[in-house]
Amino acid sequence: VVAIDSALIGPFDLGVVVVRSAIRLDPQTARASVDSQGSDPIPHILAGIPIHLRDIRVYLDRPGFTVNGTSCDPTRVSSLLGGAGADPFSTADDTTAASTQRYQLLNCSVLGFKPRLAFRLRGGTHRGSLPALNATYTPRPGDANLKAVAVTLPPSLFLEQGHINTVCTRVQFRNEACPAGSVYGRARAITPLLEEPLEGPVYLRSSSHALPDLVADLHGRGIRIEVAGRIDSVHEGIRASFEGLPDAPVTKFTMSLPGGRHGLLAVAATNLCASPQRANARFTAQSNATEVTHPVLKAKCKKRRRR
């Protein structure tokens, strides 16, 4: 963000003051902050004239530039202010002061919540096959944003642990240095906040749980967002749980896991086409509304001939 202000000091017109501020996004929460690192300091002296600021006001009035979240949980706006002290020519007496203001939205319960999740399997449908899986999440426009989702696949599909070879460590992931062998898929997110989609690889990352985490590392225009899910099993089915998702609107999210010799899923049933295969999906909105659906895992099945 670049602030360009007129420098009027009493009878003196010193032109303009340009201050650049670096905006950073938390990759896990997508919260924005203006960081002092990489930002210009507000000048204490301009053309030899000391500047004593009494207040700083920022107006964001461009239509559609900011949007409200959909969570009514109380939060805060935090600031750390730095002062020049009595001697503007020395940093020895510089001081800092913290400021925290409560922030909370209202009426989140009036927002709707009807998410949709679709699955498609590509590849073999008989026992031992290793099909590819494509999952697509599509929210309804104007609904509350998604906070968490837990998806349990039917027992007819199991995790092929023999195909889990390389796993990215947390340190490697943080430094964006995951080995190529730890990539097990791709993900893509479309949001109305950006002109271009966020997309990137899906890794298996080391975890404190029995199985590694499934993590989508999304990038776009200098932005990085982490979508991390825990893998476990429940009722003989594989479950992936994604919690603490950013309170940001998403138009469409797609995750694709390849099949074949690198596939993570294997068919346990005699034939997936013998009967409809349904997953169990439990969604939680930022407004704390919940929705449970049972999407069908669509596979390419041959049509039965009528006698």
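The model is predicted, so local features need pLDDT of at least 70 and side-chain atom pairs count only at pLDDT 80 or more, while totals for chains, interfaces and linings use all residues. Residues are numbered from 1 along each chain as its sequence is written, and side-chain values use heavy atoms, with hydrogens and water left out.

The side chain of Asp232 meets that of Arg239 in a salt bridge, at 2.7 Å from N to O (a salt bridge is a side-chain nitrogen of Lys or Arg within 4 Å of a carboxyl oxygen of Asp or Glu). Arg239 is partly exposed because its relative accessibility is 26%. Salt bridges with shared partners also join Glu176, Asp217 and Arg224 into one network.

In total, the structure holds 12 salt bridges. One of them connects the side chains of Arg20 and Asp40, with an N to O distance of 2.9 Å. This pair links distant parts of the chain, 20 residues apart: Arg20 belongs to strand S2 (residues 12–20), and Asp40 to the loop between S4 and S5 (strands are DSSP runs of E, at least two residues, and helices are runs of H or I, at least four, numbered from the N terminus). Asp40 has 26% relative accessibility and so counts as partly exposed.

Ile42 lies in the loop between strand S4 (32–35) and strand S5 (45–46). Its relative accessible area of 42% makes Ile42 partly exposed. Together with Leu53, Ile56, Val58, Leu60 and Phe65, Ile42 forms a nonpolar patch on the surface, with about 660 Å² of accessible area. Patches are made of residues with over 30% relative accessible area and no salt bridge, joined within 9 Å for like charges and within 5 Å for nonpolar side chains (Val, Leu, Ile, Met, Phe, Trp, Tyr); accessible areas come from the Shrake-Rupley method with a 1.4 Å probe, and for residues only the protein chains shown count as cover.

Lys298 is placed in strand S22 (residues 297–298) and is partly exposed, at 48% relative accessibility. Not counting residues up to four places away in sequence, Lys298 touches Phe119, Arg120 and Leu121 (contact means heavy atoms within 4.5 Å). Lys298 and Leu133 are 165 residues apart in sequence, but their C-alpha atoms are 9.7 Å apart in space.

How values were computed. Buried means under 20% relative accessible area, exposed over 50%, partly exposed in between (1.4 Å probe, protein chains only).
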